[in-house]
Amino acid sequence: MVKPISKVVYKPKSQSTDEFIAIVNPEEYKKWKDGAFDIFHSGQGAQGLLGKASKQEIAAAFDVRNETEAMEILLEKGTLQSGDRLKEFGDSNSSRGARITSSVWNDAFSSSNPAPSNLFTHREFAFTLIGDTYLRYHSFSNVEEFKQTALRLNPTRFEIGPIYNARPRDRKTLPPGVLKPMLRELVFDIDMTDYDEIRTCCSGKEICGRCWAYISAAVEVLDPALREEFGFKHLLWVYSGRRGIHCWVSDQAALALTDDERRTLLSYLEVIKGGKEMSKKVNVRSTTQLGKPAALHPALRESYDRLSGKFVEIVLEDQKCFDKKEGGWEELLKLIPRKDVVDALREKWEANPDKPSKAKWADFVKFMKADQTGTLLPAAEDIILQYTYPRLDAEVSKHRNHLLKAPFCIHPATGRICVPVDPAKINEFDPMTVPTVGELLEELGLAQAGGGVEGQAENNNSEWERTKLKPYVDMLEKHTAAIMADARERRQAAAKGALSW
């Protein structure tokens, strides 16, 4: 049973999402007894994560000199609320996650040590602490040391870096320039903010199921490209916890790629290039001897075939990207190479500004079918690619020493777990339904704000099996098991070769 918890909530401004909270015994609150309460803060109202309010936050919100005076204002002007639990409450996302799913640490050991060996000790880990303190170059002798350090540091997140030629924690004892990254997963980062110019439902940090369709389309293109064109097998897709997705490629060939090789591979995969000031971001064609645009590369043609239907579903029917003039169909006209067609379409659409996006695209297609110059069909294909092809964060993939947030971290703003995603079921994935730390605490019967487990199982390693986290941990275990099986096969092949005369 989870004991009821009462809290007093104070909002400095009625229209603000900021809330300051005191956890109280309702009887003591009513009698104004025992003022030894802590003040917590949520920046996103009832949906936000609670953290202990800083002195600066208290001073700014309550305009008082100390916490005691602030508590008096909170108790006097706040409203008493009761509930079965405090959603997404706690002092540290990472430490809570470690306690809840302690067996995941063992998988983290395997995942960060792709070819099972002592090279785990040369892997870099970085921690972000409360207050945005960033600690790099941590390394560990074993998974237990890793776990205990994370619990002690109480980080809001931790990141995984490369495997070096020496222990990262010993860098200060090494001569300058000696410590170098040797191995690193090939990683990709797709962030929804890079789609702001072509999504109409959300912007910035916001995300919904509708704009997530862009991410789904990106995975449907990038996953087969990495498997079929490069022969990679060990891909782990991980939801970032808020508005994006990461891909970890753990094949031995991917781990050994140099920075130059990573840049070359990325250049091959990257199609969308250019900032907001550039209208045309797809420039992937050469020119024929007749001066006309050449056909798409066969590999890119396969991506186009996968995306052409998505363009209709996402861009025309759902997002309705061309319904409005500014930032809508005017942007489309900038991508059409024939001025006479642009002028004709502009005149038609200005005369009927309420024409839906799908009808506007149909108008353009009519001109394309009648085109004798050979320029409009390539332009249409490029437009479809520009609106649907994966938008990659290039800097994440180029360098071995780039760090990336670890799977199963807890996003500090949303409380959602950074869970693995099955690329074969990407269209079924809904980021809004991903388990949150609050839900996991409730499932395990956590009753106290400090994170104590009521009726905690003797075997902590099985705790995650009693939560919504189980299918995601299973996915990670399957991934790491395949990596380890490949490593064993390589060792056996090497041993067999050594015995051959």
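Residues are numbered from 1 along each chain as its sequence is written, and side-chain values use heavy atoms, with hydrogens and water left out. Because the model is predicted, local features need pLDDT of at least 70 and side-chain atom pairs count only at pLDDT 80 or more, while totals for chains, interfaces and linings use all residues.

The largest nonpolar core contains 102 residues. Such a core is a set of buried Ala, Val, Leu, Ile, Met, Phe, Trp, Tyr and Cys residues joined through side-chain atoms within 4.5 Å; buried means under 20% relative accessible area, exposed over 50%, and partly exposed in between (1.4 Å probe, protein chains only). Phe-188, Phe-322 and Trp-361 have the most contacts inside this core. Its largest share, ten residues, is supplied by helix 7 (residues 212-229); helices (H or I, at least four residues) and strands (E, at least two) are DSSP runs numbered from the N terminus. A second, separate core has eleven residues, including Val-8, Phe-62, Met-71 and Leu-75. In soluble globular proteins, nonpolar side chains tend to be buried together.

The contacts of Phe-322 (heavy atoms within 4.5 Å) were listed without residues up to four places away in sequence. Among them are the aromatic residues Phe-311, Trp-329, Trp-361 and Tyr-387. Phe-322 also touches Val-315, Leu-316, Leu-332, Gly-328, Ser-357 and Lys-360.

Helix 7 also packs against helix 10 (residues 298-318): their axes come within 10 Å and cross at roughly 165°. The two helices are therefore roughly antiparallel. Axes are lines fitted to C-alpha atoms, for helices over the stretch in contact, and angles run from 0 to 180 degrees between N-to-C directions; angles under 35 degrees count as roughly parallel, over 145 as roughly antiparallel, 65 to 115 as roughly perpendicular and the rest as oblique. On the helix 7 side, the contact includes Ala-213, Tyr-214, Ala-217 and Val-221, and on the helix 10 side it includes Ala-299, Arg-306, Leu-307 and Ile-314. The contact residues divide into nine nonpolar, one polar and six charged. Here Ala, Val, Leu, Ile, Met, Phe, Trp, Tyr, Cys and Pro count as nonpolar, Asp, Glu, Lys and Arg as charged, and the others, Gly among them, as polar.

Two residues other than glycine have positive phi values. Asp-132, with phi near 65°, lies in the loop between strand 6 (123-129) and strand 7 (133-138) and is exposed, at 68% relative accessible area. Lys-320, with phi of about 55°, lies in the loop between helix 10 and helix 11 (325-333); at 40%, Lys-320 is partly exposed.

Ser-139, in the loop between strand 7 and helix 6 (143-153), has a relative accessible area of 2% and so is buried. Beyond its sequence neighbours up to four places away, Ser-139 touches Thr-121, Arg-123, Glu-145, Arg-167, Pro-168 and Arg-169. Asp-382, in helix 14 (residues 376-388), is buried at 8% and touches Lys-280, Val-282, Arg-285 and Leu-296, on the same exclusion of residues up to four places away. The C-alpha atoms of Asp-382 and Asn-283 are separated by 7.9 Å, although 99 residues apart along the chain. His-411 occupies the loop between strand 13 (404-405) and strand 14 (420-421) and is buried at 11% relative accessibility. Its C-alpha atom is 7.7 Å from that of Ser-240, 171 residues away along the chain.
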